[in-house]
Amino acid sequence: MNNTKRLSLKQRKLINAAVIIVVLLIVAGVNVLANVLVDRFPTLEADVTSKGAYSLNATTAEYLNYMDSSVNVTVLTTEEAFSGRADDSGSNSYYYQANKLLKEMSVYEGFNLEYKDLSASSASKLSAQYPDVDWTSTENLILVECGDRYEMLTVTDVFTFSQEYAYYYGMNVIDSQSIEQCMLTTIQKLTAEDTLKVAVSTGNAEFLNEQNPKYSAYAYLVELLKDNAYEVQYLNLITEELSDDIDALLMVAPAADITNEQSEKINNWLENGGDYGKTFVYVPFDFAESSVNMDLLLEQWGMKVKKAYIYENDLTMALSGSSTPQLTSIVNYADETFTEDLKTSALPLIMPFSMAVEITDEKAATPLLTSSDTADLMLLNESSEEPVFEKSTGTALNYAAISKKGNDDLSKVSNFVVWGSYDGVSADAILSSNFNNASYFVNIFNETLGNESEAIVVESVSLGYETLTVSSAQQVAIFVLFVVIIPLAVFAIGIVVWVRRKNR
């Protein structure tokens, strides 16, 4: 007689239910643990998007790692409300992305992040504490503080909105964010001892005059300087004075020649009453009707702009893929002073359709960027149907050069920089992460003005169709669930079924 006590149907059901509950509890526990770990340690999150949309740029990580100041960053709402905030399309993707990047920044020492809902706070109290902030604005987003200094980042500072959606549908739809660049720029500005000022010349039909049709293709140059904590203002040299507090003057592709009065203004400002310390960056225009006065000014500084493009015969320096590779050239760095603070001088710098800068006084002027020693000059001769060349003399040509003037021992100097290619500072060249144009151009200002900060260039990442992100902890949870728990559960159920059948 079989004395084995069989389980009743009710008992078997209870056991099966208990197994299912245990499995569910384990899965839920692993998921909760994963979320807790990610919240506590944001670096556990792994970004699987091809563009690294949820990972800090290497520039940001390096800057924060060596930052020697402490900043307090306050998001003016709860974390849940911030990361879940949506634009007019109903998408919260870019706020979610910005929040993830802020959380990653908060891992670094000195970057103190908090979320504070100020909706119930007194506007008068906030205004008394932060008088330079408009607390009635609905655009306020993030408050950054360093000691007694502070700055408010708004929605339009951090996010860019689609012009197409705004124009056709009247909707504010985000198409990119720049939280990293905004943060680094603001931190640099708040921690800098002095803010350097750059005046952008607009009175001679320059590309950076908003009335010029070319303005939009070059306007990012101004944003680049602002992103590197320079205070930028527009200045009409015909009607306005170059004040002593302006540190640098930028003139990009003037179609009209400067007047005698403008030339005198520039020279007097550069001399600065014997104190010098100023920088003039001039980018010539190849089709200017006249440049007599500018040519005379250049001559005083030992330089001359030749009415000819540099035509590179060394095909290893021609940009492959370009429709005009020999006129769109990779250049040589001629002065290590301006490459020391670059992330890498191995990254190429291009100067498309660059006019040659001739040095007429080698004691005053030196090359910055040069061609190979086999480059020709393609003369700008509109009357000729075929290109006219001036053959190479076996000496490298200059894409850019710098001249210095100062006191007797050159302990105080002013700088005159000629940059031969306006296409070399266009949005195509400046915004591309494949070229060093942005970093090098900022470095010219940094080096000549004694600004010890490194050039900050952080490319904004547009999410496009990429919205997937999986954390390392979640990857572990998925592995445990599908490789361990589910197989064990199936095995356990198989054992139970086998035992039940055996005992029937």
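Q: How many bridges join strand β4 to β5?
A: Happy to start here: this is a predicted model, where local features need pLDDT of at least 70, side-chain atom pairs count only at pLDDT 80 or more, and totals for chains, interfaces and linings use all residues. Residues are numbered from 1 along each chain as its sequence is written, and side-chain values use heavy atoms, leaving out hydrogens and water. Strands (E, at least two residues) and helices (H or I, at least four) are DSSP runs numbered from the N terminus. β4 (residues 140-146) runs antiparallel to β5, and the bridges joining them number 6.

Q: Which strands stand at the edges of the open sheet?
A: The sheet has 4 strands with mixed pairing, in the order β3-β2-β4-β5; two strands pair if DSSP finds at least two bridges between them. Each edge strand has a single partner, so one side of each lacks a neighbour in the sheet; these are β3 (111-115) and β5 (149-154).

Q: Why are α4 and α8 called oblique to each other?
A: Angles run from 0 to 180 degrees between N-to-C directions, with axes fitted to C-alpha atoms, for helices over the stretch in contact. Under 35 degrees counts as roughly parallel, over 145 as roughly antiparallel, 65 to 115 as roughly perpendicular, and the rest as oblique. Helix α4 (residues 93-105) and helix α8 (residues 179-191) pack at about 45 degrees, and therefore they are oblique.
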